[in-house]
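Subject: Structure handover

Hello,

Here is the structure for your set. My notes follow below it.

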Amino acid sequence: MTDERLTAWVHGQVQGVGFRWWTRSRALELGLVGHATNHADGRVLVTAEGPRERLEALLALLRGDRTPGTVTLVVESWDGARGDLTGFVER
């Protein structure tokens, strides 16, 4: 099974509420690598690589009702894994 790359733009009140830390914790629990990055427009960019079913689990968590702050929209895209990520970091 080949790994994939999930890119998810998370909209809402997701900065200054522990969202990146929470995302990192969930991703590490799922065995994923990548990063969660704040952007100036208030969104958080989540990039993760790993098996598709684990990425889908992370995406479901991002869309769930237990995130810090308030998520109003998650826009995702899928790609083949690039293999250029290690660990999971907050940026």
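What radius of gyration does the protein have, and what would a compact globule of 91 residues have? The protein has 12 Å, and a compact globule would be near 12 Å, so the two agree. The radius is taken over C-alpha atoms, and the globule rule is 2.2 Å times the number of residues to the power 0.38.

Ground rules. This is a predicted model, where local features need pLDDT of at least 70, side-chain atom pairs count only at pLDDT 80 or more, and totals for chains, interfaces and linings use all residues. Numbering starts from 1 along each chain as its sequence is written, and side-chain values use heavy atoms, with hydrogens and water left out.

Overall picture. The C-alpha trace spans about 35 × 25 × 20 Å along its principal axes. The protein has 2 helices and 5 strands, in the order β-α-β-β-α-β-β along the sequence. Helices (H or I, at least four residues) and strands (E, at least two) are DSSP runs, numbered from the N terminus. Of the contacts with a separation of 6 or more, 76% link residues 24 or more positions apart. Contact means heavy atoms within 4.5 Å.

Surface and charge. Accessible surface comes to about 4,900 Å² (Shrake-Rupley method, 1.4 Å probe). Carbon and sulfur atoms hold 48% of that surface. There are 11 positive and 12 negative side chains, with the centres of the two sets 5 Å apart. Lys and Arg count as positive, Asp and Glu as negative; His and the chain ends are not counted. Charges are placed at NZ of Lys, CZ of Arg, CG of Asp or CD of Glu.

Strands. β2 (residues 33-38) pairs with β3 (residues 44-50) in the antiparallel sense, over 6 bridges. Pairing takes at least two DSSP bridges between two strands. A36 stands opposite V46 in β3. The hairpin of β2 and β3 has 5 residues between the strands, and G42 there takes a positive phi near 95°. β2 also runs parallel to β5 (residues 88-90), joined by 3 bridges. G34 has F88 in β5 as its bridge partner.

Helix α1. In α1 (residues 19-29), F19, W22, T23, S25, R26 and A27 are buried. Their cover includes β1 (4-13), β2, β3, α2 (52-63), β4 (70-80) and β5. G31 follows α1 and has a positive phi, near 75°.

Best regards

Key
Buried means under 20% relative accessible area, exposed over 50%, partly exposed in between (1.4 Å probe, protein chains only).
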